[in-house]
Amino acid sequence: MLSFALTVLLDGISYGMILFLISVGLTVTMGLMRVVNLAHGAFAMIGGYVAGYLTQQGANFYLAVIGGAVAAATLGAIAEMTIYRPLYRKGELSQVLLTVGIVFVATGAVTGIFGAFPYPVVFPAYLTRPIDIGFREYPAYRLFLIAVGAAIAAVLWLVLDGSTYGARLRAAVDNPSMARAVGIDVNLLFTVTFIIGCALAGLGGAIGAGILSLEPAYALKYIVLFLVVVIVGGEGSFGGSFVAAIALGIIDTLGKYFVPEAAAYLLYAAVFALLLWRPRGLLPPKSAA
Amino acid sequence: MIHGRPVLAAFGHALPWAIAIAYFYLAPYALSFGTQVMIWILFAMSLDLALGYAGILTLGHAGFFGLGAYAAGLFAIHVSPDPILGHLVAVALTALFGAITGAMILHTSGVTFLMLTLAIVSMLSEYANQARGLTGGDDGLQGIRLDPIFGVFEFNIFGKTAYVYAAVVLFGWFLFAWRIVHSTFGRSVDGIRQNPRRMRAIGTPVWWRLLAIYTISAAMAGSAGALSAHSTRFVGLSVLSLLTSGIVTVALILGGTRRLYGAFVGATTYFVVQDWSAKISPFFWEFVVGGMLIVTVLLLDGGLLDLGPAVVRLRDRWRAGTEGK
């Protein structure tokens with residue numbers, strides 16, 4: 001029984017880590033700049049495809065993942081400077097439409113370049129084997145996801161909590177106009193954070209390809225999940241998205257074990273109920289509370 | 001809409017219907033394409049009422065379209081093959097569903113509302129996927145048989161009946177929508193979009209008005225879904241996907257919101273472009289449509305119908321710039 005509970009927990013946490021890695025950038029876009037960014041999944045998808053291409057060419061897995069993250073960050077930087085900037089002043093409708101447009105373009109481009117079929121990332125052999133973790137054999141890949149996710153979450157937490165950059169970012173999320181008034185360059189801060197967010201999404205898309213498989217529909221298919229993490233956690237709340245992502249991973253895994261036929265259905269029902277109960281999410285940042 | 005040139009205006013109003021009639025005679029081999037375009041015009045027009053006029057930011061309209069389609073299909077299979085009765089039942093059911101879900105979520109706004117609509121459509125989609133016995137899951141709902149309309153006009157592979165049926169339904173809904181947006185009710189909904197607080201302050205029952213327009217919009221989208229199920233005698237799981245919501249939004253925005261005719265221009269443009277670019281390459285249409293959407297949002301506030309005025313604005317700005325020197 002205990003070993004079963006631990007298995008469910010590990011499955012849920014590893015899934016949640018992927019959701020967190022990909023969604024953490026989105027929480028910045030939506031929390032800090034109030035941009036409804038439906039194109040975030042597209043950056044994760046691009047990171048995954050680039051990493052998949054590189055591994056298929058025989059590149060080292062870790063270099064390929066970094067390559068995917070860099071590609072996503074580069075495209076993110078270009079998109080931020082050209083397409084996103086005019087959006088900050090426009091309404092939510094324009095933001096939804098334009099980012100949906102980006103999703104269409106990315107989907108078309110990926111289909112054109114890589115084909116319409118699911119696209120594999122080649123993982124190193126030692127990650128595809130199960131390893132002994134004391135009470136049972138467990139896929140090394142999922143442990144790897146948990147390790148990477150935990151490491152990145154720890155780094156993010158240290159940076160956000162301890163550095164000047166983190167303090168500025170939190171200040172800007174809580175009150176952008178006050179942050180501007182005390183001399184913080186909110187726009188520059190946002191561009192930098194947006195690029196980091198895209199890089200993390202690309203990284204998540206690459207290493208998470210074993211769970212969220214890469215296909216042209218990826219950007220549209222999973223964006224609802226990523227949005228759920230951000231909205232449930234509270235827009236702009238990093239801790240909130242972490243909690244929400246892990247909780248979502250565990251709930252989804254539990255659902256798949258116990259009520260496989262209704263799992264996805266129950267997940268959305270839970271999100272629906274939660275949003276009616278707390279429209280601003282679980283842990284909203286202070287200014288939004 | 002008051003025009004200084006009534007003859008021109010009358011000509012403009014008659015134009016889409018003249019095209020629809022001409023198409024029937026000129027392209028008898030491609031009537032199913034025309035039917036599909038009219039169904040999506042109706043669907044986009046329903047979104048125009050909610051998104052355009054009332055400013056309700058939703059990505060959940062696929063839920064109403066899909067619900068209408070499944071309701072019409074299941075009714076034909078399990079209850080009665082009468083298309084008109086089935087259509088009415090589908091419309092009533094989506095209206096009810098719109099009213100219930102609208103009552104639950106319309107007190108929220110912005111991103112929260114958007115997420116709630118996404119959650120609803122995702123629930124429906126997952127349900128339809130799981131309930132294979134009822135919906136056929138991802139194989140789609142097959143085996144829909146329909147009686148002839150009024151016992152006379154049979155649905156057949158040439159699609160003449162389906163085309164006329166779609167055109168008549170579209171015309172009916174258009175007159176209804178036209179009446180609504182030019183009524184005091186329509187004006188108050190437009191006011192709510194512009195400033196809900198002020199409308200509340202002058203005594204408008206904001207929530208009730210939004211619920212009413214949302215329900216009407218849901219019924220229209222359900223009607224489009226029922227047309228789709230009847231004309232193709234098939235309902236695929238994709239009717240409930242986010243892509244369906246995305247496409248109808250694109251179709252509306254391309255043509256322009258708050259005009260009703262925007263839906264006509266947008267949906268037609270969308271499907272012609274999709275048809276044309278998919279012939280070049282199967283992935284190309286997404287690329288083209290996405291690009292059109294980006295350009296429309298960044299440059300044309302009022303969709304393609306704004307193309308003329310936008311060019312005039314640019315010219316005036318350029319003139320003002322040169323005169324200033």
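Directly after helix α10 of chain B comes B:Arg233, with a positive phi near 55°. Helices here are DSSP runs of H or I with at least four residues, strands are runs of E with at least two, and both are numbered from the N terminus. B:Arg233 has this positive phi although it is not a glycine. Most residues other than glycine have a negative phi. B:Arg233 belongs to the loop between α10 and α11 of chain B. It counts as partly exposed because 16 C-beta neighbours lie inside 10 Å. A residue is called buried if 20 or more other C-beta atoms lie within 10 Å of its own, exposed if 12 or fewer do, and partly exposed in between, with C-beta atoms placed from the backbone.

The model is a predicted one, in which local features need pLDDT of at least 70 and side-chain atom pairs count only at pLDDT 80 or more, while totals for chains, interfaces and linings use all residues. Residues are numbered from 1 along each chain as its sequence is written, and chains are lettered from A and ligands numbered from 1 in the order in which they are written. The pLDDT is the predictor's confidence in each residue, from 0 to 100. Its mean over chain A is 88, with 98% of the residues scoring at least 70; chain B has a mean of 88, and 96% of its residues reach 70 or more. The model as a whole scores ipTM 0.83 and pTM 0.88.

Helix α10 of chain B itself covers residues 206–232. Its 27 residues should span 39 Å at 1.5 Å a residue, and the end C-alpha atoms are 39 Å apart, which agrees. The expected span is 1.5 Å times one less than the number of residues. This helix is mostly covered, for 22 of its 27 residues are buried.

B:Leu260 has a positive phi of about 65° although it is not a glycine, and it lies in the loop between α11 and α12 of chain B. B:Leu260 counts as buried because it has 23 C-beta neighbours inside 10 Å. B:Leu260 is one of the contacts of B:Ala177, which also touches B:Met45 and B:Leu49 when neighbours within four places in sequence are left aside. Two residues are in contact if their C-beta atoms, placed from the backbone, lie within 7 Å. B:Ala177 is found in helix α7 (residues 160–181) of chain B, and its 22 C-beta neighbours inside 10 Å make it buried. Although B:Ala177 and B:Met220 are 43 residues apart in sequence, their C-alpha atoms are 9.4 Å apart in space.

The largest nonpolar core has 195 residues, of which B:Ile41, B:Leu42 and B:Ala44 touch the most other members. Such a core is a set of buried Ala, Val, Leu, Ile, Met, Phe, Trp, Tyr and Cys residues joined through C-beta atoms within 7 Å. Helix α2 (residues 31–53) of chain B gives the largest share of this core, 15 residues. Apart from neighbours within four places in sequence, B:Ile41 is in contact with B:Leu170, B:Ala263, B:Phe264 and B:Ala267.

How do the two chains meet, and how many residues of each are in contact? In chain A, 35 residues are in contact with 34 residues of chain B. On the side of chain A that touches chain B, α4, α11 (223–233) and α13 (263–277) of chain A each give two or more residues. The largest share of that side, 16 residues, comes from α4(A). The residues of this side divide into 27 nonpolar, six polar and two charged. Here Ala, Val, Leu, Ile, Met, Phe, Trp, Tyr, Cys and Pro count as nonpolar, Asp, Glu, Lys and Arg as charged, and the others, Gly among them, as polar.

Helix α13 (residues 284–299) of chain B has buried residues that pack against α4 (92–114) of chain A, together with α11 (242–255) and α12 (261–280) of chain B.
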